[in-house]
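Please consult the sequence and coordinates shown here while reading.

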Amino acid sequence: MTLEMIIPLLAATIVAGTPILYATLGEMITEKSGVLNLGVEGIMIVGGLTAFLVAHFTGSPSLAFFAAGAAGITTASLHGIVCLVFQGNQVVSGLALTILGTGFANYFGTSYVGLSAPGFQPMAVPLLADIPAIGPIFFQHDPLVYLTYILPPCLWLFFNNTRYGLGLRAVGEFPEAAAAAGLNARGYRWLGILGGGFFMGLGGAYLSLAYTHLWTNNLTAGRGWIAVALVIFAFWRPGRAVFGAYLFGGIMALQLRLQATGTQLPSSLLLMLPYGLTVFVLVLSSLGHRRTNEPAALGVNVEPAD
Amino acid sequence: MATAEPVIRLEGISKSFGSVQANQDITLDVHQGRILALLGENGAGKSTLMSILAGQLQPDSGTISHAGKPVVFTNTEKAIQSGIGMVYQHFKLVDAMTVAENVFLGASDSVWLRHKEMNTEVRQLAEKYGMSIDPEAVIADLSMGEKQQVEILKLLHRKSSILIFDEPTAVLTPKESEALFATMRQMVEMGTAIVFISHKLEEVLSLADDIAILKRGRVIDQLPKKSVHSTAELARRMVGRAVLLEVDKEPVEPRQIVLKVSSLTGKGLKGADFEVRQGEVFGIVGVAGNGQKPLVETICGLTSPKKGSVRILGLEWKQFFSKQNWEQTLSYIPEDRQGLATCPGLSLLDNFLLTTRGGFVRGPWLLKKRAGATVNKLINDFDIRPPDLDALAWQLSGGNLQKMVLAREFYRRPRLIVAEQPTQGLDIAAAEDVWNLLMKAREQAGILLVTGDLSEALTLSDRIGVMYGGMLVETFAADDQERIDKIPEMMAGLATN
């Protein structure tokens with residue numbers, strides 16, 4: 001491989017990793033509050049369709065982007081109603097949300113399959129884009145990519161250096177202790193679910209507004225599930241999530257390129273690669289007995305105070 | 001008692017759970033700069049009373065006043081605002097966070113956390129009260145004593161002026177307890193009021209300024225420490241006058257030895273010696289935490305004996321528990337009815353089959369129909385309500401569940417029964433049922449009764465053993481009035497023999 005091949009590959013890695021990164025950070029926020037949301041896939045695809053439709057009809061990608069976030073919040077609120085209001089099982093509710101979201105998007109999106117919508121275009125960052133190698137890889141993308149450069153540090157600051165982040169983590173670790181300290185445990189879980197839903201929706205929006213500029217059935221293609229696995233891989237740390245998302249982005253980009261070069265390997269095997277890697281990564285991250293940082297109360301509902 | 005106005009006054013507090021009266025017309029004063037000890041056995045209502053004060057429970061009747069003004073604590077937050085803080089027995093700390101983060105959890109009023117300043121503030125606060133703790137340490141790495149210090153720091157940081165300690169030394173080593181007492185004295189000197197729940201006489205005597213004694217939900221005694229001269233006097237006041245209860249006790253000729261414990265040592269035991277014969281009730285009394293729990297756990301096979309020997313029905317401990325005889329052997333009636341004795345989410349039939357499978361299995365199959373007929377008969381004989389095979393264990397009242405446990409265990413016709421606090425938390429009618437059932441079972445079996453209720457022990461037992469410091473300090477017949485009068489001294493470890 002020559003440098004001329006590697007630099008575009010790495011640039012494509014960033015682009016492919018971005019939607020996964022949005023979704024992973026969203027799921028991380030939710031899980032930090034102690035709620036497991038397996039509905040990422042469904043929320044992403046609803047976000048993707050919303051973004052596409054809004055862009056298609058209004059012609060404004062920015063509006064579409066935020067509409068997708070709002071759609072993510074709305075969809076995630078179903079999870080909140082089931083788990084926080086009715087104390088329902090988080091796993092079942094999340095799975096149902098994925099099935100519901102995928103079905104919903106595919107049904108309402110059918111008549112738009114193949115149509116295109118205005119999306120975000122690459123915008124080189126002045127000065128930085130001219131740095132050899134670094135510039136083409138990192139700084140010749142659309143604005144949504146640049147947003148993910150500042151998002152993880154902001155999230156890290158939020159978790160570790162604000163009282164709301166402290167409250168959110170406490171509720172995810174030991175809701176009774178948080179309640180004894182006078183915090184509203186269920187309020188923080190709502191924050192986790194809705195805030196997470198917002199970013200999951202944005203992840204979907206990236207797929208239809210920047211990654212493809214058009215609508216196809218099953219647009220997310222399992223990226224939501226990869227996000228769930230990546231949160232574990234990342235040990236619930238935003239910084240490691242970046243690394244994980246680009247690792248998967250890289251595999252996806254490589255897989256496309258390999259197909260394009262006409263290799264002997266069957267394409268279905270190549271398509272399997274990212275998901276095979278998911279299994280591999282999960283096994284790898286659970287090896288050893290290091291502190292994984294997993295919220296201790298993850299998946300456990302908060303009993304209503306009486 | 002101090003004459004100054006109390007910072008907290010509880011007046012006529014009553015609280016009942018179903019038919020159990022946990023608190024009955026309790027009136028108590030808490031004074032600034034003084035330590036009030038609440039003394040009483042398990043189930044006497046201490047924790048209920050303090051949960052009411054901390055806003056976790058609402059009293060059925062009665063009032064709380066804070067600095068002379070009546071207040072209603074509908075939730076913990078309200079109690080916290082009035083300066084009431086509780087150091088729970090089970091710590092409410094987030095294991096994955098640092099000491100400082102836990103202290104500031106829910107108590108920080110700026111959006112940004114300044115870790116450096118938080119750490120300095122916590123360190124200074126700890127030093128002020130003579131504690132040594134690293135604010136940057138993660139909770140999971142701390143000892144129990146250090147975790148407790150963090151709980152205290154949390155309250156001090158919130159400027160709590162009334163601190164409640166729920167059996168604070170239960171989880172501490174003696175050295176950590178000493179450090180805790182020093183901290184508590186320092187806090188009192190600085191004007192804090194402390195309520196201290198305990199059943200350890202020495203602690204109460206060495207620490208408290210005022211003592212209130214609770215028994216079966218009532219304050220039976222309230223006195224300044226000055227007027228108490230010894231732990232024995234305290235014990236005498238705590239057990240009160242033993243009342244003999246109405247139980248049909250027919251004499252039974254004791255037969256062969258069914259349990260023989262000799263110089264059993266380890267896990268809090270220091271050479272326990274006794275034997276139980278078929279046809280008698282051997283009652284072990286003592287203040288909780290003097291080795292009763294490890295003793296029972298060893299006899300019932302939950303832990304293995306470290307040193308010394310336990311012979312059950314003529315077999316060594318290891319031999320006995322390697323055989324699986326379901327009939328005519330050992331039955332255990334644990335203190336923890338909803339947990340150790342039954343699975344709360346299973347039906348009565350399933351709970352019956354948990355320990356009693358003989359005659360109801362064919363290969364891997366349970367013969368539920370046949371077992372159902374038997375359980376129905378037991379429900380009828382023992383008058384268990386609701387009389388329904390499919391009722392879940394948690395749906396039964398304490399008394400009915402206990403009767404179900406007894407019915408199940410007695411069905412196996414055991415020759416040795418270990419009953420641990422069999423009537424704790426039951427109302428008087430249910431307790432009488434349980435006593436009569438135990439007396440009936442005595443004809444077939446030897447019964448080891450471990451209880452904190454002296455009246456119960458005197459009523460049921462043929463012989464009494466007093467436990468203190470991991471061994472039986474004295475054993476005597478249940479009609480030896482002279483020795484019975486000395487039980488409080490023995491429980492306090494003051495008996496000379």
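Helices (H or I, at least four residues) and strands (E, at least two) are DSSP runs, numbered from the N terminus. On that basis chain B has 18 helices and 22 strands. The model is predicted: local features need pLDDT of at least 70, side-chain atom pairs count only at pLDDT 80 or more, and totals for chains, interfaces and linings use all residues. Residues are numbered from 1 along each chain as its sequence is written, while chains are lettered from A and ligands numbered from 1 in the order in which they are written.

## The two chains

Chain A has twelve helices and zero strands, so that its pattern along the sequence reads α-α-α-α-α-α-α-α-α-α-α-α. The radius of gyration of chain A is 19 Å, close to the 19 Å that the globule rule gives for 306 residues, and chain A is therefore as compact as a globular protein of that length. The radius of gyration is taken over C-alpha atoms, and the globule rule is 2.2 Å times the number of residues to the power 0.38. For chain B, with 497 residues, a compact globule would have a radius of gyration near 23 Å; the value of 25 Å agrees with this.

Two further quantities rest on C-beta atoms placed from the backbone. A residue is buried if 20 or more other C-beta atoms lie within 10 Å of its own, exposed if 12 or fewer, and partly exposed in between. Two residues are in contact if their C-beta atoms lie within 7 Å. The table sets out burial and overall dimensions.

| Chain | Buried residues | C-alpha box along the principal axes |
|---|---|---|
| Chain B | 46% of 497 residues | roughly 70 × 55 × 45 Å |

In chain A, 80% of the contacts between residues at least 6 apart in sequence join residues at least 24 apart. In chain B, residues 24 or more positions apart account for 70% of the contacts with a separation of 6 or more.

## The interface between the chains

Across the interface, 17 residues of chain A are in contact with 17 residues of chain B. Helix H7 (163–173) and helix H8 (175–180) of chain A each supply at least two residues of the side that touches chain B. H7(A) gives the most to that side, with six residues. The residues on this side of chain A divide into nine nonpolar, four polar and four charged. In this division Ala, Val, Leu, Ile, Met, Phe, Trp, Tyr, Cys and Pro count as nonpolar, Asp, Glu, Lys and Arg as charged, and the others, Gly among them, as polar.

## Domains of chain B

Chain B is divided into domain 1 (8–239), domain 2 (241–329 + 414–497) and domain 3 (338–411), with bounds that come from an automatic or database domain assignment. The centres of domain 2 and domain 3 of chain B, taken over C-alpha atoms, are separated by 25 Å. Twelve residues of domain 2 of chain B are in contact with ten residues of domain 3 of chain B. On the domain 2 side, the touching residues comprise eight nonpolar, one polar and three charged.

## Strand pairing in chain B

Two strands pair if DSSP finds at least two bridges between them. Strand S1 (residues 8–17) and strand S4 (residues 61–66) of chain B pair in the antiparallel sense over five bridges, and Arg9(B) stands opposite Ser65(B) in S4(B). S4(B) is also joined by three bridges to strand S5 (residues 69–71) of chain B, again antiparallel. In S5(B), the bridge partner of Ser65(B) is Pro70(B). The hairpin of S4(B) and S5(B) has two residues between the strands, and in it Ala67(B) takes a positive phi near 50°.

An open sheet of six strands in chain B has the order S16-S19-S20-S13-S21-S22, with mixed pairing. Its edge strands are S16 (330–333) and S22 (471–477) of chain B, each of which pairs on one side only. The twist averages 15° from one strand to the next. Within the sheet, strand S13 (residues 281–285) and strand S20 (residues 446–450) of chain B run parallel and are joined by four bridges; Val281(B) stands opposite Ile447(B) in S20(B). Helix H9 (residues 292–299) of chain B lies across S13, S19 (416–420), S20 and S21 (463–468) of chain B, running at about 150° to S19(B). Axes are lines fitted to C-alpha atoms, for helices over the stretch in contact, and angles run from 0 to 180 degrees between N-to-C directions.

## The segment before S1

Glu5(B) lies in the segment before S1 of chain B. Glu5(B) counts as exposed because it has 12 C-beta neighbours inside 10 Å. The C-alpha atoms of Glu5(B) and Val405(B), 400 residues apart along the chain, are separated by 50 Å.
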